[in-house]
Amino acid sequence: MAAARTFPDGFLWGTATAAYQVEGAVAEDGRGASIWDVFAHTPGAIADGTNADVAVDHYHRYREDVRLMAELGANAYRFSIAWPRVFPEGTGKPNPKGLDFYRRLVDELLANGIEPFATLYHWDLPQSLQQRHGGWQSRETPQAFADYAGYVAGRLSDRVRNFFTINEFSSFVEMGHGSGRLAPGLRLAPAQLNQVRHHAVLGHGLAVQAIRANASAGVRVGPAEQVITAIPVIETPEHIRAAAVATRELNAGYLTVMLEGKYTDGFLYEQGRDAPRFTDDDLKAISSPLDFVGTNIYAAHHIVRAADTSLGFAMVPYQSVHPRVAWPGGALSLRLTPESMYWGTRLLADLWHVGDIYITESGGPFTHEPGAVGTQPDIDGMENDSDRIVWLRAYLTQLQRATDEGVPVRGYFHWSTMDNFEWTLGLRPRFGLYRVDYETQRRTPKLSAQYFRACAQSNAVL
Ligand code: GCO
């Protein structure tokens, strides 16, 4: 029998979702519009013409969904709080029914022995802030976000002990304000884009301060960033050093400035006159001390090698035939790079001495539509997503390699509990451990749900 590849005692096994992708009920109980409601209803914006007005109706089905998490053997759940439910206009008068939903959800989780981890911003900015101030282009928004974060933490921290401030800065900034692929669909000039980047991390920092000022003692807070990961082409000292230098530079606009309190010289030099305008007070807020770092790891953004360049590293470009899983209906794909789980977490600890790390998302869009060419039949009524199991085992193996070496990873949140609305690609990509029939909203465990449960119950990679 091979040596058990166990995780440390107390390691959390969870799944992750986001409000806009799962809740539906977009006009219920006083919820205000978000930029995603506007974007998803813009003709042509969503690949399959769907939107998340209903999504998977988690707002009404949350009790059943919590039971499904318990059946996974999960002891944690990462969800996001919809800002427009709590402050329909983003600021001003709160909507009590907004927080009431999250109290109900959290009480159901706690009653099932599942630890709630709440993300305060998973991209659904109140539309009113976009209209009034231009959203994250304005310094009004970071302050509004801090006020909202402090308000929520002050009222939920009797039950919610862990808050993530913002999810995936790089995605909603670069694709929401650079390429325009995500809401609000802007294509800003470099200087303006840099200012949005800066306002996003400033919002994070001000929110950390507001949570500390309003939450009950012992509450913990940190970001949930998709750390740009660089893995060494060969795991020898010179290439490992190159991967470390690359990781610091590649994250300069986000995690590096949060953890070091300054923008790297390389970043400022590279941005030149487009560099963000900031004050020392901004940097102080941005680098407010954290209790943990959450990181979404799906694949390595880059393979790097040591090179005699000014920064000491060079990219090793991916070959087009690198093993991957494609997003159905889109041009995106995830390259198979399980060692991103090892290097993505080890370098967080090595570079910045991060004391507590959570994998806040990982997984892949392994989608098998019944009747489609190449789709294999179900096994005992469960979707045969053996591809997801093989992928997950490879990634968990590298994560356990890290924890075995003492890297302080405290938990793993699989993306996602169930199939849900995958932003601009709509409902076609399916990331869930549970399959959702979008006609009936019926949830059915996939084979991978059994695999997840086996690992969670053994606290090991099987
Ligand atoms: C992200 C978001 C999730 C996605 C998931 C699959 O990481 O882009 O946090 O909302 O749905 O990653 O793409």
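For Tyr-298, a polar side-chain atom lies 2.7 Å from a ligand oxygen atom, and an N or O atom in the side chain of Trp-415 is 3.5 Å from an oxygen atom of the ligand.

This is a predicted model, in which local features need pLDDT of at least 70 and side-chain atom pairs count only at pLDDT 80 or more, while totals for chains, interfaces and linings use all residues. Residues are numbered from 1 along each chain as its sequence is written, and side-chain values use heavy atoms, with hydrogens and water left out.

## The shell around the ligand

The ligand is surrounded by 13 residues, the closest being Gln-21, Glu-168, Tyr-298, Glu-361 and Glu-422; a residue is near the ligand if one of its heavy atoms lies within 4 Å of it. By class, this shell holds six nonpolar, four polar and three charged residues, where Trp and Tyr count as nonpolar, Glu as charged and Gly as polar.

## The largest pocket

The space taken by the ligand is the largest pocket, and a molecule is assigned to a pocket if more than half of its atoms lie within 2 Å of the pocket's grid points. A pocket is an open set of points on a 1 Å grid over the protein atoms alone, where a 1.4 Å probe fits, with protein on both sides within 12 Å along at least five of seven lines, and its lining residues have an atom within 4 Å of a point. The volume of the largest pocket is about 1200 Å³, taken as the space filled by probe spheres set on the points.

The lining comprises 42 residues, with Ser-171, Met-175, Gln-226, Ile-228 and His-301 nearest the centre of the pocket, and it divides into 21 nonpolar, twelve polar and nine charged residues. The helix α8 gives the most to this lining, with four residues; the elements that each supply at least two include α8 (169-177), α10 (237-250) and β12 (333-335), helices being DSSP runs of H or I with at least four residues and strands runs of E with at least two.

## Backbone features

Glu-168, one of the residues closest to the ligand, has a positive phi of about 50 degrees although it is not a glycine, and is found in the loop between β5 (162-167) and α8. The peptide bond from Trp-415 to Ser-416 is cis, with omega near 10 degrees.

Technical notes: A polar contact is a pair of N or O atoms within 3.5 Å; within protein, one must be able to donate a hydrogen and the other to accept it, and residues adjacent in sequence count only if both atoms are side-chain atoms.
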